[in-house]
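Reader: I have a model open on my screen and would like to learn how to read it. Could you take me through some of its features?

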Amino acid sequence: MEPQAVTQPVPVKPYSRTFRRAAERLAPFLFLIVIGIVLSILSPYFLTVRNLLTVLLQMSIIGIIAVGETLVMLTAGIDLSVGSVVGLAGVLSTLLMVQLHWPIWLSVIAGILAGAVVGCLNGVLITTTKLPPFIATLGMMSVARGFALILTGGVAIFNVPEGFNWLGGGHVLGIPVPVYFLAAVTLIGTFVLNRTLLGQYAFAIGSNPETARLSGIRIAKYLVCIYTIQGLLAGLGGVIQASRIVTGQPTAGLGYELDVIAACVIGGTSLFGGEGTVLGAIIGAALMELIRNGADLLNISAFWQDVIIGIIIWVAVAWDGYRRRVLNR
């Protein structure tokens, strides 16, 4: 009997891997364009300035929070408390205006800082007690929502000053103010991710925490910092949300955590850490809002919209697992 030849694995050429990564990063953007073309054919109202501005406005809060979630997920972590932080920050800022008569600007800063404090506590919990991020932030989701309900007695806060509405409902040069916040957060997030040690360490921690530790990276310090940034952005989203509806709603932000995580995953951020971009998360948020907007224009039920978004999340997560297996060969 002749000996059988041993089949050696075929190494992936560097340029092939680079091309594949580039194609993966472009995929969400191309999908966004395809969805836009399809919807513009199906509905004459889709490709209008008014409707596109509405899409931008609707995706602003999710996009802002998704920038922070991208940083968290790059470290192989996750933050499930962002929806509750949205409710808590909005309630706190409106409560300070209405009941304690604080100036609007000071109340807004207090609401945003409250989100940062919650994020910092998440980071401290994860690094000191070694709780998995999923469990730590799941508990914080309940705690933050509970405080929002305790502060208000479960009743929405009305009669906020008129000037507060500018933050979420105002326009500058015909463009909604929250869109400017989204643009600024996107630019700053991209800079932090690509040009600072914090961004580079986030990649390193998510790719291989043991190697990062042996390289001298103070993992606990940077994780607390990253979760604090995430809380701060969720607080900003909460204040903008309260401003848009001119009310402090303790139930505001319900389910936002799923939308934010879905936007990141659809945009190419890996649930396993070490891979992702801020721009990808923004495209993911835009894609989800585009689908919801198109479904509204085509009179598709909100229940079916949830089904569609859920299926897209399944596909994105399955694709993430598949491409990691292929790239790691």
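Predicted model: local features only at pLDDT ≥ 70, side-chain atom pairs only at ≥ 80, totals over all residues.

Reader: What does the protein chain average in pLDDT?

Author: pLDDT is the predictor's confidence in each residue, from 0 to 100. Here the protein chain averages 89, and 91% of the residues score at least 70.

Reader: In which helix is confidence lowest, and in which is it highest?

Author: Helices are DSSP runs (H or I, at least four residues), numbered from the N terminus. The lowest mean, 77, belongs to helix α1 (residues 14-42), and the highest, 97, to helix α4 (residues 104-128).

Reader: Which residues touch the most other members of the largest nonpolar core?

Author: A nonpolar core is a set of buried Ala, Val, Leu, Ile, Met, Phe, Trp, Tyr and Cys residues joined through side-chain atoms within 4.5 Å. Buried means under 20% relative accessible area, exposed means over 50%, and partly exposed is in between (1.4 Å probe, protein chains only). The largest core has 79 residues, and Ile64, Ile65, Val108, Phe164, Val239 and Leu290 touch the most other members. Helix α2 (residues 49-74) gives the most to this core, with 12 residues.

Reader: What is phenylalanine 164 in contact with?

Author: Leaving aside neighbours within four places in sequence, phenylalanine 164 is in contact with Ser93, Thr94, Met97, Ile104, Val108, Val239, Ala242 and Ser243. Serine 93 counts as buried because its relative accessibility is 0%. Beyond four places in sequence, serine 93 touches Ser107, Val108, Gly111, Phe164 and Val239.

Reader: At what angle do α3 and α4 pack?

Author: Axes are lines fitted to C-alpha atoms, for helices over the stretch in contact, and angles run from 0 to 180 degrees between N-to-C directions. The angle between α3 and α4 is about 150°, with their axes 8 Å apart. Angles under 35 degrees count as roughly parallel, over 145 as roughly antiparallel, 65 to 115 as roughly perpendicular and the rest as oblique. That is why α3 is roughly antiparallel to α4. Among the residues making the contact are Val85, Leu88 and Ser93 of α3 and Ile104, Ser107 and Val108 of α4.

Reader: How do α3 and α10 cross?

Author: The axes of helix α3 (residues 82-98) and helix α10 (residues 219-245) come within 7 Å and cross at roughly 55°. This makes α3 oblique to α10. Residues of α3 including Ser93 and Thr94 meet residues of α10 including Val239 and Ala242.

Reader: Where is proline 161?

Author: Proline 161 lies in the loop between α5 (133-152) and α6 (166-169). Its relative accessible area is 29%, so proline 161 is partly exposed. Setting aside neighbours within four places in sequence, proline 161 is in contact with Met97 and Ile104.

Reader: What is phi of asparagine 159 near?

Author: Most residues other than glycine have a negative phi. Asparagine 159 has a phi near 60°, a positive value in a residue other than glycine. This asparagine 159 is found in the loop between α5 and α6, and with a relative accessible area of 74% asparagine 159 is exposed.

Reader: And is asparagine 299 buried or exposed?

Author: Asparagine 299 counts as exposed, at 69% relative accessibility. Phi of asparagine 299 is also a positive value, near 60°, and its place is in the loop between α12 (278-297) and α13 (302-327).

Note on methods:
Residues numbered from 1 in each chain as written. Heavy atoms only, no water. Helix = DSSP H or I, 4+ residues; strand = E, 2+ residues; numbered from the N terminus. Contact = heavy atoms within 4.5 Å.
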